[in-house]
Amino acid sequence: MNHAGKIGDLLERISTLFRNEVRQAGLSHGLHPVHLEVLFYLNRCNQFSDTPASVKDFLGATKGTTSQSISLLEKKGYLLKTKDEQDKRVFHLSLTQAGQEVATSSMPPPSLRQALSRYGDDVSSQLTQQLEQLLINIQTETSHTGFGTCKTCKFHRTENKQTFFCELTQMTLPTPHGELICREHVVPDAG
Ligand code: SF4
């Protein structure tokens, strides 16, 4: 089997185990995997990406499924809807303390946490970089735009330790926001 075959095989096995664990984590809170996906996403997205339409696009789900999931999570006290200050037709979604607790305790799944704890910082850091690069390469191959980690975006410019500049929105943002998912993310040009 060539490298692509082996890597594909491994990723498939890892993602199956991953999905099974997420399903188990959801059951303990009375949630389906799609509900947990909404919580994970809202716990990781930035201020340009926290609308119901962004959740729908990120999940690749229908409008109906997304809005049912949002209503259920709101009813369970896991998320809040807030009207946009400029455009009252738009809602922003945010997690409550309870929603954050479910999201952070379920992701990453405990087995992955345990497995990664066997690595030193150097190996974990190399693995992170390689997976980030693999994700960028796949996004480039599939011409996928949006929903990438901000710090890997074409428009991300580091200013100093505290802030970076987003060339798309023309805003200066705090450095930790570089770790968040953004729907406007664009993969940098190759080379
Ligand atoms: S730099 Fe890119 S990913 Fe980050 S906020 Fe700006 S558009 Fe979004």
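1. In this predicted model, helix α2 (residues 33-44) packs with helix α4 (residues 63-75) at an angle of about 75°, and their axes are 10 Å apart; helices are DSSP runs of H or I of at least four residues, strands runs of E of at least two, both numbered from the N terminus. Axes are lines fitted to C-alpha atoms, for helices over the stretch in contact, with angles running from 0 to 180 degrees between N-to-C directions. The helices α2 and α4 are therefore roughly perpendicular to each other (65 to 115 degrees).

2. Val34, His35, Val38 and Leu39 of α2 meet Thr65, Ser69, Leu72 and Leu73 of α4, where contact means heavy atoms within 4.5 Å. By class, the contact of α2 with α4 holds five nonpolar, three polar and no charged residues.

3. The domain assignment gives domain 1 (3-111) and domain 2 (119-182), with bounds that come from an automatic or database assignment. Their centres, taken over C-alpha atoms, are separated by 20 Å, and eleven residues of domain 1 are in contact with ten residues of domain 2.

4. Between them, domain 1 and domain 2 bury about 990 Å², of which 69% is on carbon and sulfur atoms; buried area is the accessible area (1.4 Å probe) lost when two parts are put together, summed over both. Arg44, Asn46 and Phe48 supply 49% of the area that domain 1 buries against domain 2, more than any other three residues.

5. Residues are numbered from 1 along each chain as its sequence is written. Local features need pLDDT of at least 70 and side-chain atom pairs count only at pLDDT 80 or more, whereas totals for chains, interfaces and linings use all residues, and side-chain values use heavy atoms, leaving out hydrogens and water.

Note on methods. Angles under 35 degrees count as roughly parallel, over 145 as roughly antiparallel, 65 to 115 as roughly perpendicular and the rest as oblique. Ala, Val, Leu, Ile, Met, Phe, Trp, Tyr, Cys and Pro count as nonpolar, Asp, Glu, Lys and Arg as charged, and the others, Gly among them, as polar.
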